[in-house]
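Me: I would like to go through this structure with you. Could you begin with the terms that we shall need?

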Amino acid sequence: MKAKLTRGQQWVYELLNSTSTEITAQDLYAQLQAQGRSLGLATVYRAIKALQLQGLVQARVLTNGEWVYRLASEDCHYLTCLNCGRSVPVEECPAHGLQQKLEEKQHFRVFYHTLEFFGLCSTCGETSDAGAV
Ligand SMILES: [Zn+2]
Ligand SMILES: [Zn+2]
């Protein structure tokens with residue numbers, strides 16, 4: 001059962017719903033502005049947090065320390081390059097059955113999970129001086 005969303009939460013949800021990629025709070029804020037939907041940045045952050053607690057939005061931190069958001073209904077995992085920071089989506093998810101099992105065994109409402117692999121992408125892995133300054 002979904003709680004009623006505030007106007008700001010609704011706007012953030014709609015924008016995430018129409019965006020196929022992950023997006024930072026700053027970009028969310030800027031795109032809402034561009035749509036004439038003026039929300040303060042602090043309000044955007046609060047809306048994201050509220051949506052997370054309702055299991056609607058999930059978050060992931062990038063190698064540069066920035067957080068990006070997407071709808072929790074989109075289960076997507078990544079191979080992330082530690083050198084260039086590029087994230088490549090992974091098709092399969094081995095955690096799906098586990099999530100259901102945990103919900104039943106631990107009596108925990110699991111909204112989403114994260115799974116991420118780190119290393120060097122093919123471009124960065126080719127050069128032996130990857131990461132050299
Ligand atoms: Zn790379
Ligand atoms: Zn998954």
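Reply: Buried means under 20% relative accessible area, exposed over 50%, and partly exposed in between (1.4 Å probe, protein chains only). This is a predicted model, in which local features need pLDDT of at least 70, side-chain atom pairs count only at pLDDT 80 or more, and totals for chains, interfaces and linings use all residues. Residues are numbered from 1 along each chain as its sequence is written, chains are lettered from A and ligands numbered from 1 in written order, and side-chain values use heavy atoms, with hydrogens and water left out.

Me: Is C121 buried or exposed?
Reply: C121 counts as buried, at 11% relative accessibility.

Me: And what does C121 touch?
Reply: Not counting residues up to four places away in sequence, C121 touches C81, C84 and R86; contact means heavy atoms within 4.5 Å.

Me: Which residues does UniProt list for "binding site"?
Reply: The unreviewed entry lists C81, C84, C121 and C124; such annotations may be inferred rather than shown by experiment. They are spread over 44 residues of sequence, yet they cluster in space, with a largest C-alpha distance of 8.1 Å.

Me: Changing topic, what coordinates the zinc ion (ligand 2)?
Reply: D75 (OD), D75 (OD), H77 (NE2), C93 (SG) and H113 (NE2) coordinate the zinc ion (ligand 2), at 2.0 to 2.6 Å. Donors are N, O and S atoms within 2.8 Å of the metal (3.2 Å for Na, K and Ca); water is not among the atoms, so sites may look incomplete.

Me: How accessible are C93 and H113?
Reply: C93 is partly exposed, with a relative accessible area of 25%, whereas H113 is buried, at 16%.
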